[in-house]
Amino acid sequence: MRGMIYAVSPEGVIGLGGKLPWSHPGDMRRFQRITRGTTVIMGRATFEETGAALPGRRNLVVTSRPLVAADVEAVPSVASALGLAGDGDVWLIGGARIFAEGAAYAELIDVTYVPDHVTDPRAVHAPPIDPGLFEAGPLLPHEDEPGLVRRVYRRRA
Ligand SMILES: NC(=O)c1ccc[n+]([C@@H]2O[C@H](COP(=O)([O-])OP(=O)(O)OC[C@H]3O[C@@H](n4cnc5c(N)ncnc54)[C@H](OP(=O)(O)O)[C@@H]3O)[C@@H](O)[C@H]2O)c1
């Protein structure tokens, strides 16, 4: 399985100033549970935000620069990260450029919708999901945080 996973505001925002511009602990809990035991692929900025390797996962960081950090492997592209990850479950976990490139490879996109409005022009947006490539599933209640909803998009056959 190759998936992408993120939370998004009503404006399509995923980040601001190198951080998540909201706090939804239940969504973080679900993220930790879903990705545990898998390989996670992230951009350098997202890695710097987390500050350290996510435990219990193989951490691949896409960067064009040298990166020295414990329990993390630096890779030059999404394609090389996927090659290194092999056949196990893989989650692309952000940010925007990783999601834009990852759409060519992902079988599914797991999106959580948060109600927090983010209108700052400096915000980072998720790339649009091409309805020709991905079919939207139903809106689902969020298992770990009442008040949030989520949806899974699956690659069309
Ligand atoms: N809402 C969510 O679920 C979610 C999830 C993840 C992240 N975020 C947010 O997103 C924001 C960060 O995202 P971002 O888009 O600004 O940055 P990002 O994708 O995390 O990192 C960007 C960096 O990754 C490297 N990179 C990405 N794609 C590459 C490629 N194809 N080839 C080579 N290097 C590549 C480059 O590093 P070098 O400059 O080192 O070459 C680039 O500067 C933060 O605010 C974070 O909180 C939100």
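Visitor: How many of the 157 residues of the protein chain count as buried?

Guide: A residue is buried if 20 or more other C-beta atoms, placed from the backbone, lie within 10 Å of its own, exposed if 12 or fewer, and partly exposed in between. In this protein chain, 33% of the 157 residues count as buried. This is a predicted model, in which local features need pLDDT of at least 70, side-chain atom pairs count only at pLDDT 80 or more, and totals for chains, interfaces and linings use all residues. Residues are numbered from 1 along each chain as its sequence is written.

Visitor: Thanks! How many helices and strands are in the protein chain?

Guide: Helices (H or I, at least four residues) and strands (E, at least two) are DSSP runs, numbered from the N terminus. Here there are four helices and eleven strands.

Visitor: Is β1 enclosed by the rest of the structure or exposed, and what is it joined to?

Guide: Five of the seven residues of β1 are buried, so this strand is largely enclosed by the rest of the structure. For pairing, DSSP must find at least two bridges between two strands. β1 runs parallel to β6, with three bridges, and parallel to β7, with six bridges. To find these on your screen, look for Gly3, whose bridge partner in β6 is Trp91, and for Met4, which stands opposite Ile109 in β7.

Visitor: Which residues touch the most other members of the largest nonpolar core?

Guide: A nonpolar core is a set of buried Ala, Val, Leu, Ile, Met, Phe, Trp, Tyr and Cys residues joined through C-beta atoms within 7 Å. The largest one has 32 residues, and Tyr6, Ile41 and Leu92 touch the most other members. Elements supplying at least two residues each include β1, β4, α3 (78-85) and β6 (90-92).

Visitor: What is Leu92 in contact with?

Guide: Two residues are in contact if their C-beta atoms, placed from the backbone, lie within 7 Å. Leaving aside neighbours within four places in sequence, Leu92 meets Met4, Ile41, Ile98, Phe99, Gly102 and Ala106.

Visitor: And where is Val61?

Guide: Val61 is in strand β4 (residues 58-62). Val61 is buried, with 23 other C-beta atoms within 10 Å. Not counting residues up to four places away in sequence, Val61 touches several residues, among them Met42, Phe47 and Leu67. The C-alpha atoms of Val61 and Phe47 are separated by 6.8 Å, although the two are 14 residues apart along the chain.
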